[in-house]
Amino acid sequence: MSEPTRKPAQLTDVSMLGLGAMGSAPAAALLGAGRSVTVWNRTPERAEKTVARGARGAASLREAVTASPVVVACLLTYDSVRATLDPVADELRGRTLVNVTTITPTESRQLAAWAAEVGITYRDGAIMVVPDMIGAREGQIFYSGSREAYDAVLPTLDIWATSEFHGEDAGRASLVDLAMLSGMYQMFAGFIHGAAMVATMGMSATEFAARQAPFLSAMTRGLAAYAEVVDGGDYTVPGQQSLEFSDLSHLVRASKEQGVDPAPIATVQELISRQIAAGHGAEGFARIYENLRAARPTVRPEEGTAA
Ligand code: NDP
């Protein structure tokens, strides 16, 4: 297919692959900032709204990829990224690929290795906001991969959110992203478990949320103290809540007594019990970290921190 006539691509020109709930938001933010954007979506109808806002709709994936020096992929999974990009590897050669699809650190590294082999400058991005927050500085997007490419495209990336670079190892942004989401989902699961408990006495989840939200918010102040203990590796430092004091068997029991599955809190209790059984009951709650951590955190010399 012959390329339609258009103005030559500039460094700020972006081709956006994937116009789902998330992909549409960065495309709209770029358009709002006056950038030229070419869009492609597997189901073309989903791109129509963005085209109506001023984006150039590509007639094919190949056309989209060749329209801009910077190609952004916001698809669903690693498999969907590979299924989309593999057939246009030749066209991507020499361009900068920013993948903001949520994938695992290993998948990010695999994608970076594939990109290096093809001759694509690769950068992985992890979006830490919902679509409505794209275009505001309060939100964050983490990046890792080529530093040079990051610096070159930063003025474009900064239109979406506050950008944070995590290092040249492509997997790092994804690792931080998924670690953050781990905390978030366990908090939500804890809330939903609590809502199931109070529902047995007729309290609505809405009523419970009104109490739970400020309580959890206040409790997050404790994170820094736990972090200090974990980083110091000394669970005997005075002032910590001991594992014995933190025993949650009564909480598990209460849940069962109400006929509510204690699965989320039982998992926490299991970690506590393992440490107490190993003779560490007098040490701090943060010692459950010892159950969870990888045997030997890898330190990457070029990053200077554990990866
Ligand atoms: P949607 O389900 O709304 O969109 C998914 C997009 O991926 C669509 O464009 C879809 O195309 C495309 N897609 C899926 N499978 C394939 C495939 N095999 N080949 C080609 N295209 C495919 O999801 P979101 O836009 O919400 O999410 C996109 C990414 O952004 C995800 O990785 C998500 O984790 C991440 N993200 C989303 C957030 C959110 O709040 N929504 C927050 C942070 C990150 P089609 O329309 O044809 O189905």
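Q: How many aromatic pairs does the structure hold?
A: The model is predicted. A pair of aromatic rings is described by the distance of the centres and the angle of the planes. For this structure the number of aromatic pairs is four.

Q: Is the aromatic pair of Y150 and F165 stacked, edge-to-face or tilted?
A: The ring centres of Y150 and F165 are 4.8 Å apart, with 35° between the planes. Planes under 30 degrees apart count as stacked and those over 60 as edge-to-face, so the rest, this pair included, fall in the remaining class. The pair of Y150 and F165 is tilted.

Q: Which parts of the chain does the pair of Y150 and F165 tie together?
A: Y150 and F165 are 15 residues apart in sequence. Y150 is buried, and F165 is buried too. Y150 belongs to residues 147-157 and F165 to residues 162-165, so the parts tied together are helix α7 and strand β8.

Q: Which residues are linked into a cluster by ring pairs?
A: Y150 and F165 form an aromatic pair. Ring pairs also bring a further tyrosine into the cluster with these two. The members are Y143, Y150 and F165.

Q: Is the aromatic pair of F191 and F208 stacked or edge-to-face?
A: The centres of the F191 and F208 rings are 5.6 Å apart, and the angle between the planes is 10°. Planes under 30 degrees apart meet the cut-off for stacking. The pair of F191 and F208 is therefore stacked.

Q: Which helices hold F191 and F208?
A: The two residues are 17 residues apart, and their pair links distant parts of the chain. F208 has a relative accessible area of 14% and is therefore buried. F191 lies within residues 171-199 and F208 within residues 205-219, which are helices α8 and α9.

Q: Is α8 parallel, perpendicular or oblique to α9?
A: The axes of α8 and α9 come within 10 Å and cross at roughly 135°.

Q: How do the residues of the contact of α8 with α9 divide into nonpolar, polar and charged?
A: On the α8 side the contact is made by M187, F191, G194, A195 and V198. A205, F208, A209, Q212 and L216 make it on the α9 side. The division is eight nonpolar, two polar and no charged.

Q: Are α4 and α6 roughly parallel or antiparallel to each other?
A: Helix α4 spans residues 78-85 and helix α6 residues 105-118, and their axes are 11 Å apart. They pack at an angle of about 15°, and angles under 35 degrees decide the class here. The helices are therefore roughly parallel.

Q: How many charged residues are in the contact of α4 with α6?
A: Y78, V81, R82 and L85 in α4 meet E107, Q110, L111 and W114 in α6. Five of the contact residues are nonpolar and one is polar. The number of charged residues is two.

Q: Is the crossing of α11 and α12 left-handed or right-handed?
A: α11 and α12 pack at an angle of about 155°, with axes 9 Å apart, and are therefore roughly antiparallel. S249, L251 and V252 in α11 meet I265, A266 and Q269 in α12. The crossing is left-handed.

Q: Is A73 buried or exposed?
A: A73 lies in strand β4 and touches residues including L17, L97 and V100. Its relative accessibility is 0%, so A73 counts as buried.

Key:
Residues numbered from 1 in each chain as written. Predicted model: local features only at pLDDT ≥ 70, side-chain atom pairs only at ≥ 80, totals over all residues. Heavy atoms only, no water. Axes fitted to C-alpha atoms, helices over the stretch in contact; angles between N-to-C directions. Helix = DSSP H or I, 4+ residues; strand = E, 2+ residues; numbered from the N terminus. Parallel < 35°, antiparallel > 145°, perpendicular 65-115°, else oblique. Contact = heavy atoms within 4.5 Å. Nonpolar A, V, L, I, M, F, W, Y, C, P; charged D, E, K, R; others polar. Buried < 20%, exposed > 50% of the residue type's maximum accessible area, 1.4 Å probe, protein only. Phe/Tyr/Trp six-rings, centres within 6.5 Å; stacked < 30°, edge-to-face > 60°. Left-handed = near helix turned anticlockwise from the far one by under 90°. Lists of a residue's contacts leave out its neighbours within four places in sequence.
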